[in-house]
Amino acid sequence: MTNLVNLQDVSLAYGPLVLLDKVSLGVDEGERIGVVGRNGGGKSTMISVLAGFTEPDSGRVVHNRGLRVGFLHQRDDFPDSTIGEFVLGDRAEHEWAGDARIRDILRGLLGGWDLNLPMSGLSGGERRRSGLARLLVGDHDLIILDEPTNHLDIEGIAWLAEHLRGRPEALVVVTHDRWFLDAVTTRTWEVGRGAIERYEGGYAAYVLAKAERDRQAAAEEDRRQNLMRKELAWLRRGAPARTSKPKFRIEAANQLIADEPPARDTVELVRFASSRLGKTVIDLKKVSVSIPDRTLLDELTWQLGPGDRVGLVGVNGAGKSTLLKILAEEREPDSGTVRTGRTVKLAHLSQNIAELDPAMRPLQAVMDVREHITIGKRDYTASQMLEKFGFRGERQWTPIGDLSGGEKRRLQLLRLLMDEPNVLLLDEPTNDLDIETLTELEDLLDGWPGSLVLVSHDRYFLERITDRVLALMGDGSLAFLPNGVDEYLERRAATADEVTVPLGASETAAAQASPAAEPALSQADRRAAQKEMQRVERRMDKIAKREAQLHEQMASAAEDYTKLAELDAEAKVLAAEKEELEMVWLEQAELIGD
């Protein structure tokens, strides 16, 4: 395997803050590395050094001869040009229109855009998508991405993960999106305190391996603390009998997790929420909202009940933020009624950050709301809550005016929670939160009794915090999704209109560039195949549940041979049906793949 880039004893500091301290590591051809760590810990600096954009204070950065690096910064400068000129460069229309990879990138990131529009007219998020598209259109040996999922919705993130999995280049990606890390990466680097710890596997494997390292470190500390006592005991009793040393296996880490209680006691939380909220929380009846070019909500009737934890997904512009504003009574519907329970104490975190006194300190800002809070069965002080949200030590006394945008958003979220609302409406609360702070927030919300509606592009957070998922599909309706985000993506794929190549590139140009291409599967046939796959998957889920029941019944009827024979016969029938269903699924998948 060819080595692409090496860091040799690299150190870098900004004043007293040491970000890299004699770090040595490398990236090999085809590696897929996820970079995690606290905000401000040096992740962006490290990948900038890796790419050769930042010079270290000491040490060497060695690139393979002729190495082509594609680097997506968090903040890029954009030229005064059209979108097409920026993304596609000087490629002729027939050249990019006939390239399936480029067409897929344009559809996935810039679908429906007029590429003749100027870059100057784009929003920050749209410029970010354009920069990502420009990078992916190019050819590289190493791709380095700094927070590529920012400004992408759930569909966009799913597309990007699938696209990157199909590329041959080595990949280094900094992201707080844990679902994306598991979907794309096979190694993890944790950056912090000047060092980089390396782990095999994506995010889930990293969590298990880190738990094992922490366990070993704690055991080592226990050994150090008790060393003198054990030495004295040894001298008193003499050498013990020889015993084999215990070997820790990964199953031990799994066992630690298996022994933990469920993330939250849903029944108990709903019961407690009902006692605080009563039967009525927020009821919508025939609510309609329109904007000049489309209808966002069309006679929507829906009830948010006590203890409901709802994730809300949908295409950009479908009306998710508008629905939250209506639930919060910050916007009147065009028609219909909104009824809010008398005991509701609501908190709404919007995407717009309310300004705080820039001279105030974070600890003061939180204590102005409340000095103590009880979540579940635990009491926390304002200072302890600030620590959970990433404000440690002197940061609790830093003037708010000197905080970053992400820190200000964290502070606003914490102030909302400290006010102890019983209904939470959260619009993209994970923006600018690092993974450690996300897990702290998840832990807090696990024990929080109340009703919650969450809009988030962070799929891991959404599935972790909520119990059910609803979708605004763009037609004014609200759909319940029993299978969560996966079902939403399936429905979107099944109902998506035929996507045309941006900039009006002629079908003739594409056809001339790829004359041997076979006719594409019609949209109706594709939908039929996807529906058949969904039917098969539902049936296979039922079979799996029944098989589990049969195994339990067999174990219970170990001495009843007649009953065992009956159960075994049913199991064989199910196994045969499952095999047939798998063949049907593969046939439909192959058809769509063509």
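**View 1. Packing of helix α6 against helix α18.** Helix α6 (residues 154-165) and helix α18 (residues 484-495) pack with their axes 11 Å apart and at an angle of about 85°. α6 is therefore roughly perpendicular to α18, a term that covers angles of 65 to 115 degrees. Axes are lines fitted to C-alpha atoms, for helices over the stretch in contact, and angles run from 0 to 180 degrees between N-to-C directions. On the α6 side, I154, E155 and A158 meet V485, Y488, L489 and R492 of α18; contact means heavy atoms within 4.5 Å. The residues of this contact comprise five nonpolar, no polar and two charged. Here Ala, Val, Leu, Ile, Met, Phe, Trp, Tyr, Cys and Pro count as nonpolar, Asp, Glu, Lys and Arg as charged, and the others, Gly among them, as polar.

The model is predicted: local features need pLDDT of at least 70 and side-chain atom pairs count only at pLDDT 80 or more, whereas totals for chains, interfaces and linings use all residues. Residues are numbered from 1 along each chain as its sequence is written, and side-chain values use heavy atoms, with hydrogens and water left out.

**View 2. The open sheet of β11, β10 and β13.** Three strands form an open sheet in the order β11-β10-β13, with antiparallel pairing. β11 (294-304) and β13 (335-340) stand at the edges with a single partner strand each, so one side of each is left without a neighbour in the sheet. From one strand to the next, the twist averages 20°. Five bridges pair β10 (residues 282-291) with β13 in the antiparallel sense, and K285 stands opposite T337 in β13. Two strands pair if DSSP finds at least two bridges between them; helices (H or I, at least four residues) and strands (E, at least two) are DSSP runs, numbered from the N terminus.

View 3. Six of the eight residues of α12 are buried, namely K320, T322, L323, L324, I326 and L327. Buried means under 20% relative accessible area, exposed over 50%, and partly exposed in between (1.4 Å probe, protein chains only). After α12 comes E329, with a positive phi near 60°.

**View 4. Nonpolar cores.** The largest nonpolar core has 70 residues, and W302 and L445 have the most contacts inside it. Such a core is a set of buried Ala, Val, Leu, Ile, Met, Phe, Trp, Tyr and Cys residues joined through side-chain atoms within 4.5 Å. Leaving aside its neighbours within four places in sequence, L445 is in contact with R309, L417, L424, L426, L452, F461 and I465. Another core, of 34 residues, lies apart from the largest one and includes W96, L122, L132 and V137.

**View 5. Two loop residues with positive phi.** Most residues other than glycine have a negative phi. E147, in the loop between β6 (142-146) and α6, has a positive phi near 55°. E147 counts as buried, at 5% relative accessibility. E420 lies in the loop between α15 (405-418) and β17 (423-427) and has a positive phi of about 55°. With a relative accessible area of 30%, E420 is partly exposed.

**View 6. The hairpin of β1 and β2.** Strands β1 (residues 3-14) and β2 (residues 17-28) run antiparallel and are joined by eight bridges. V5 stands opposite V27 in β2. The hairpin has two residues between its strands, and G15 takes a positive phi near 65°.

Definitions and conventions:
Angles under 35 degrees count as roughly parallel, over 145 as roughly antiparallel, 65 to 115 as roughly perpendicular and the rest as oblique.
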